[in-house]
Amino acid sequence: MSRASSDPRQELVEVAARLLTEQGPRSLSARALARETGTSTMAIYTYFGGMPGLVRAVIREGFTRLADRLATVHASDDPVADSFQLAIAYRQSAHLAPHLYAVMFGGSSIAGFQLSEEDRRIGLYTLRVARDTVPRCIQAGRFRPADPWSITRRMWCQLHGLVSLELAGYLTSNHPSDDEFPQYLRDLAVGAGDTLEQAQASIALALDRANNT
């Protein structure tokens with residue numbers, strides 16, 4: 001997260017996310033946060049009730065930002081292109097704030113934090129836009145009939161794996177992931193029942209939209 005904040009609560013969330021990702025869980029302490037933000041250690045307890053509450057706020061902030069980005073993709077007459085554009089937005093969100101993305105999907109054991117059912121619902125609810133696009137792909141005859149949520153989960157698993165490998169540095173210049181990314185999207189659609197030709201046309205449309213937004 002790079003945006004500046006005059007809100008002490010928001011600043012604590014941003015600094016906590018950065019410290020966790022750049023220096024690991026051991027860097028996260030009330031004293032370190034107070035030093036980085038210029039506040040007192042009591043601020044963490046005042047605003048969050050303790051460190052687990054702060055980690056929860058970091059995770060929820062991340063999903064709020066991801067949901068906002070996904071919501072910029074509007075439905076069109078090509079639902080497969082829409083699904084590709086959502087995948088592009090998801091990936092862009094991770095690359096714009098990699099430290100926040102890491103905390104969102106790796107914070108369940110940090111500072112005593114335990115993922116609650118409400119936390120899970122919030123994370124899964126973020127994907128409602130992608131999930132709601134899948135029935136349109138099926139209705140258009142592009143995806144084979146199947147449970148939309150099952151298709152969404154499978155696509156999410158594969159997309160998350162790719163993004164995580166990119167952020168970890170395993171896909172380097174020797175493996176041009178930017179050039180390969182459209183191929184991953186194509187294979188996801190073909191695996192769901194689309195034709196190669198239609199998938200490639202939808203990828204080109206999605207990339208053009210993403211480059212012009």
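Cys137 has 0% relative accessibility, so it counts as buried. Keep in mind that this is a predicted model.

What is the nearest cysteine sulfur to Cys137? A disulfide needs the two sulfurs within 2.5 Å. Cys157 is in no disulfide either. Cys157 counts as exposed, because its relative accessibility is 55%. Searching the whole structure gives zero disulfides.

Now the aromatics. How many aromatic pairs does a search of the whole structure find? Five. Let me take you through two of them.

Tyr101 and Phe105 form a tilted pair. Their centres are 4.9 Å apart, with 55° between the planes. Both sit in helix α6, residues 98–106. They are four residues apart there, so about one helical turn separates them. Tyr101 is buried, at 6% relative accessible area. Phe105 is partly exposed, at 31%.

Phe105 also pairs with Trp156. That pair is edge-to-face: 6.1 Å centre to centre, 65° between the planes. Here the pair links distant parts of the chain. Phe105 is in helix α6, while Trp156 is in helix α9, residues 148–167. The two are 51 residues apart.

Which residues do ring pairs link into a cluster? Phe63, Tyr90, Tyr101, Phe105 and Trp156.

Last topic: charges over rings. Arg91 lies over the face of Phe181, 4.1 Å from the ring centre. Arg131 has its charged end over the ring of Trp149, at 6.0 Å from the centre.

That's my tour. Questions, please.

Terms used:
Residues numbered from 1 in each chain as written. Predicted model: local features only at pLDDT ≥ 70, side-chain atom pairs only at ≥ 80, totals over all residues. Heavy atoms only, no water. Buried < 20%, exposed > 50% of the residue type's maximum accessible area, 1.4 Å probe, protein only. Phe/Tyr/Trp six-rings, centres within 6.5 Å; stacked < 30°, edge-to-face > 60°. Lys NZ or Arg CZ within 6 Å of the ring centre and 35° of its normal.
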